[in-house]
Amino acid sequence: MLLVTGGTGFLGRNFLEQTQEPCIFTGRDRTKGEEIARATGHRFIPIDLTRSTLNEVEDLGPITGIVHSAALSSPWGTYDNFFINNYLVTRLLLNFALKQGVERFVHISTPSLYFDFKDRTMIPESFRPDRPVNHYAATKELAEAEVLRESAKLHTTVLRPRGIFGKHDTTIFPRLVTLGDRGGIPLARKGQAVVDITHVDNVVHAIELALKGQHKSGNAYNVTNGEPMAVIDLINQLSLVLGRQMKVVHVPGKLMGAISRALELAGKVTGREPGLTRYTAALLRYDQTLDITRAKGELNYQPIRSIQDGLKDYAHV
């Protein structure tokens, strides 16, 4: 039996819908969790991992593997909140895994670890900037270190998927569509920044490969579709399958940076999350593509769904 954290979230829900393994899954959203449990046949435990000792799970049967996809992934917030949600919860799960004799631990991390407001292409798993770009990246790096530190006692794998989209997506494409249908998607460099994105089915596939444990314990792997493309091309492809052209607004990069800095300063004064952070603005400004050679070679990972397929799914074509 598998324990899946973040089961009511985007990636966790897709994994639960596709896996053939019986699962126990956690989540804070009771209504959504019960809905997913009815649809998939998996067992839902409505707990807040930041306030739990996992006693609720201990007597439900032997856990052979853990898929840890729960995280606080906002670009804005206090360090303490990120530390509790991303680092301490991971440590809690590792302690549980070691105590219960769990065989496999798959940790979903982030390529935000690599971001440094510069163009980067074919980024290897070993790359690190001089300092983390935000609290999210900093605490996810700390969590990764804990996971990899236990690799001699527990078969651990870290996955770093880039820009997940697909069924149940509430972030990337919905936000782009909303902006495109309203004031316009703000783009620096005329949308020529080259990025990687990843269909959620490909991430689920990578998780399943990691759970097999046929690779060396204690390694991290980039996961993408392996189809880098310019942001403007992605928007145009999405417009095509939606049957309407989304509006874009070309904004000088320096101006976008200045606006996001001003909004962040205002956010610190008001205590409210700014509508645009420097990090969010920069994601559409700089090249960022990942090298997935290691995942292909060691996990035997090959993308099973293309970006075009995913776009058609999203548009229900």
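Visitor: What is the relative accessible area of Arg128?

Guide: Arg128 has a relative accessible area of 28%, which makes it partly exposed. Buried means under 20%, exposed over 50%, and partly exposed in between (1.4 Å probe, protein chains only). The model is predicted: local features need pLDDT of at least 70, side-chain atom pairs count only at pLDDT 80 or more, and totals for chains, interfaces and linings use all residues. Residues are numbered from 1 along each chain as its sequence is written, and side-chain values use heavy atoms, with hydrogens and water left out.

Now the partner. Arg128 forms a salt bridge with Glu141, at 3.0 Å from N to O. The term requires a side-chain nitrogen of Lys or Arg within 4 Å of a carboxyl oxygen of Asp or Glu. Arg128 sits in the loop between β6 (120-123) and α5, Glu141 in helix α5 (residues 135-149), and the pair links distant parts of the chain, 13 residues apart. Helices (H or I, at least four residues) and strands (E, at least two) are DSSP runs, numbered from the N terminus. Glu141 is also partly exposed, at 29%.

Stay on α5. Glu146 and Arg149 meet in a salt bridge at 2.3 Å, N to O. They are three residues apart in this helix, so about one helical turn separates them. Glu146 is buried, at 10% relative accessibility, whereas Arg149 is exposed, at 53%. Both belong to a network of salt bridges that links Arg91, Glu146, Arg149, Glu150 and Lys153.

Side chains of opposite charge can pair when their charged atoms come close. This structure holds 19 salt bridges. One of them joins Glu58 to Lys99, with the closest N and O atoms 3.2 Å apart. Glu58 lies in helix α3 (residues 55-58) and Lys99 in helix α4 (residues 79-100), so the bridge ties together parts 41 residues apart in sequence. Glu58 is partly exposed, at 23%. Lys99 is exposed, at 60%.

Turn to the interior for contrast. Seven of the nine residues of α1 are buried, so this helix is largely enclosed by the rest of the structure. Among the buried ones are Leu11 and Phe15. Leu11 touches residues including Ile108, Ile164, Val204 and Ile207, leaving aside those up to four places away in sequence; contact means heavy atoms within 4.5 Å.
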